[in-house]
Amino acid sequence: MLKRLEELYSIKEVIGISCTLDSEGPLFNICHLKRQGDSIDIVEQKSCADKAELFRYLEGKRSLPLSLHLQGRGVLVKQLKGVETVTLEHILSVFPNYSEETYVNSYIAGVEVGWLALMKKELLEEMLQSFWSKELDVVRVFIGPAVAANILDQLNGYSGNYLFDGHVIQRDNETGQWQSYRYEMGLKATYAIKVQGTDITERSVMAYAAAFAVLMHRLVPNLQIDMTTVTDRFDELLQKQRFKTNGIAILIVLFVLLMVNTMLYMYYQDKYEAMNYQTKENFSNANELEKLSAAVANNDVLLLQLGWNGGLQKSWIINQLAKSIEGRKGIDWQKVEINPYTTRRLGGTVREADNRYKISIAGICLTLGELERWVRTLGHRPWVEQVEISRFVDQNKPNATGKDFVVTIHYTYAF
């Protein structure tokens, strides 16, 4: 995971330029590298005869960082007795005119000796200014042979001997330290140069080394010259890379959050719709129940009005009552009501009385005894639950001989 994060924040692409200074003018060799995961690919190799041709080539590549290497006339290489770190005293011992205000230096230590490269700062600044005036971003500068130390393991050297584009290097294969070095402009290799098994022109080797040092700056020794203006540009490049990577990471996080939010919204929307449907269904069921209750109540009212008696036919009831009075004289029916429809007032409300399973018989009889005997006869019928004389009074007629009576019967069909 840490390795993956380092790759995200690393530089992905860089153009290495090796400038060989000559009396006839500078010659530029270019090697364009691109990093993809653990592999580094050579995108392009090219040579330019002068700055004009170089700048035409770089016209459409201003967004890419440049790593510049300088060699040839104007770059002096001196041997020092083997020291690990070079100091001002060491430099003055081989180059008494040296001053930090006038020169820049680069150093690589060998087995018994080291090699110190010197260049006038004025000449270097003039070269850099020509790039910066074209809005080309040079982020690393190397002089002399030192930068080649980072890539010798990738070259096809024989027994530690390397020869490419005038650089002759002998190295101890066990320690990796240089045993000898010399530079002869115009000296060429007698065999094809390969880097990590890929063909490369020998003129592009130092350009490759300069570009490689930028791509792998976290993993290889720091061999560039120390110039504040160049270092600041490199730091700015890293900040831009971090900003870009962080921006992409933030966008990815926001996108993931948006996706999660969308999924949660869809989930809870479905839940809401299901609950809303259930609520409406419950409400609909409640309305249906209310309507059903009202319908039942209306049916009950209709049953009261129709005198529904649980299945007994009124004709059968009338027939049974008529049989009960056969042979009896002195009893005369005037009115028979089965489940009589009546109303009653409670306060200001008029309601229907529940008279189901009730029979009211009104008539005239001569004596109370005859009426009571008939009532007792009715009381023995299986379908009669209760029978009583509700009214027995004189008739409201002159010279009347009989009495008005009302007999109330409560019956059942469960017999």
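Modeller: Happy to! Let's begin where helix 2 starts: there, a side-chain oxygen of D50 comes to within 3.3 Å of the backbone nitrogen of A52. Please keep in mind that this is a predicted model.

Helix 2 runs over residues 51-58, and its buried residues are L54, F55, Y57 and L58. These residues span an arc of only 155° around the axis, so they sit on the same side of helix 2. In an α-helix there are 3.6 residues a turn, so residues three or four places apart point the same way. Among the elements that cover the buried residues of helix 2 are strand 1 (13-21), strand 2 (27-36), strand 3 (39-48), strand 4 (66-72) and helix 4 (121-132).

C19 is located in strand 1, and C19 counts as buried because its relative accessibility is 0%, under the 20% cut-off. Setting aside neighbours within four places in sequence, C19 is in contact with P26, L27, F28, L68, H69, L70, Q71 and M127.

Next comes S204, in the loop between strand 13 (198-199) and helix 5 (205-215). S204 is buried, with a relative accessible area of 1%. The side chain of S204 makes a polar contact of 2.7 Å with the side chain of T201. Not counting residues up to four places away in sequence, S204 also touches I30, C31 and Q45. Q196 is in the loop between strand 12 (194-195) and strand 13, and its phi is near 50°, a positive value in a residue other than glycine. Most residues other than glycine have a negative phi.

H217 has a relative accessible area of 19% and is buried. With residues up to four places away in sequence not counted, H217 touches I11, F234 and L238. An unreviewed UniProt entry annotates residues 248-268 as "transmembrane region". In the model, that stretch is 100% helix and 0% strand, with its end C-alpha atoms 30 Å apart.

To place all this in the whole chain, the domain assignment gives domain 1 (1-247) and domain 2 (314-341 + 354-411). The centres of domain 1 and domain 2, taken over C-alpha atoms, are separated by 133 Å. For a pair of residues, take C19 and G330: they are 311 residues apart in sequence and 151 Å apart in space, C-alpha to C-alpha.

Helix 8 (residues 368-379) has 12 residues and reaches 16 Å from its first C-alpha to its last, close to the 16 Å expected at 1.5 Å a residue. E370, L371, W374, V375 and L378 are the buried residues of helix 8. Looking down the axis of helix 8, these residues fall within an arc of 135°, so they line one face of the helix. They pack against helix 7 (314-324), strand 14 (331-338), strand 17 (358-365), strand 18 (384-394) and strand 19 (403-411).

A last stop is N339, in the loop between strand 14 and strand 15 (343-346). N339 is not a glycine, although it has a positive phi of about 50°, and at 5% relative accessibility N339 counts as buried.

Methods: Residues numbered from 1 in each chain as written. Predicted model: local features only at pLDDT ≥ 70, side-chain atom pairs only at ≥ 80, totals over all residues. Heavy atoms only, no water. Helix = DSSP H or I, 4+ residues; strand = E, 2+ residues; numbered from the N terminus. Buried < 20%, exposed > 50% of the residue type's maximum accessible area, 1.4 Å probe, protein only. Polar contact = N/O pair within 3.5 Å; in protein donor to acceptor, adjacent residues only side chain to side chain. Contact = heavy atoms within 4.5 Å. Expected span 1.5 Å × (residues − 1). Arc of directions from axis to C-beta. Domains from an automatic or database assignment. UniProt positions renumbered as here; feature names shortened; annotations may be inferred.
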